[in-house]
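Please read the following note alongside the sequence and the model.

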Amino acid sequence: MRNCVSIVLGKEEITLKINQKAEEKEIEECLKAKIPELKKLYQNEKTPIFVTGKVLKNKEMDRIKQIIKKDIEVSVEFDSPKVLGLHGIKKAFVEEIKSSETKFHKGSLRSGMKLEYEGSIVVLGDVNAGAEVIAGENIVVLGILRGVAHAGAKGNKKAMIASAKIESPQIRIANIVKELEKSDEEERKTYAYVQEDEVVLE
């Protein structure tokens, strides 16, 4: 087991730094092994713990909190966003999406509907104007994308958006927003990704 969690003792807080490439199971095992070391630091005072490094999913954050609080009653904070969307992104990052938990939505999304998921989203239909799709990872729309789509909504610039045709007024990947021009709508664009801090449509 490689050392994927490091402990940094600061004046105001104790920082747990998690390796960006570490898998969920690896993080859990490494953290459990570090608990005795953490406990030694908590003989007298209740300095808060701040978890940084990898941008985590909500269930990963809950599990880390659970492991720490089982042995140490302390405040645990994260620099990973709890909510999806532009206002929630604390830092952008680049991480290959090798595999992804995926939510499938059967049918089209009507105006006013909002679909959110921490993994990837596949819509088996259209996303109509006024509807919104927000995913922590990729977005795939088998029909036409006319509503707002935000992929990589926890800050991952490697996320992408794919659709039979992209006709949205605006698409977002990580913390980058792209307003679509009339020329983009006239040409058939089916794929959006980030290149050199800009959203590119093909």
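How are α1 and α2 oriented to each other: roughly parallel, or roughly antiparallel? The points below begin with that matter.

The model is predicted: local features need pLDDT of at least 70, side-chain atom pairs count only at pLDDT 80 or more, and totals for chains, interfaces and linings use all residues. Residues are numbered from 1 along each chain as its sequence is written, and side-chain values use heavy atoms, with hydrogens and water left out.

1. The axes of α1 and α2 come within 10 Å and cross at roughly 25°; the two helices are therefore roughly parallel to each other. Helices here are DSSP runs (H or I, at least four residues), numbered from the N terminus. Axes are lines fitted to C-alpha atoms over the stretch in contact, and angles run from 0 to 180 degrees between N-to-C directions; those under 35 degrees count as roughly parallel and those over 145 as roughly antiparallel.

2. The contact (heavy atoms within 4.5 Å) is made on the α1 side by E24, I27, E28, L31, K32, I35 and K39. From α2 come K59, E60, R63, I64, I67, I68 and D71. By class, this contact has 6 nonpolar, no polar and 8 charged residues. Asp, Glu, Lys and Arg count as charged, Ala, Val, Leu, Ile, Met, Phe, Trp, Tyr, Cys and Pro as nonpolar, and the others, Gly among them, as polar.

3. The structure holds 1 cavity of 30 Å³ or more. On a 1 Å grid over the protein atoms alone, a cavity is a set of points where a 1.4 Å probe fits but cannot get out, and lining residues have an atom within 4 Å of a point. The largest cavity has a volume of about 40 Å³, the volume being the space filled by probe spheres set on the points, which are joined across faces, edges and corners.

4. The lining of this largest cavity consists of E24, I27, E28, L56, E60, R63 and I64. Both α1 (24–41) and α2 (58–71) supply at least two residues of it. By class, the lining has 3 nonpolar, no polar and 4 charged residues.

5. The largest pocket (an open set with protein on both sides within 12 Å along at least five of seven lines) has a volume of about 740 Å³. Of its 26 lining residues, K54, K57, E95, E96 and E137 lie nearest its centre. The lining has 6 nonpolar, 6 polar and 14 charged residues.

6. N58 is found in helix α2. Not counting residues up to four places away in sequence, N58 touches P81, K82, E118 and K154.

Technical notes: Parallel < 35°, antiparallel > 145°, perpendicular 65-115°, else oblique.
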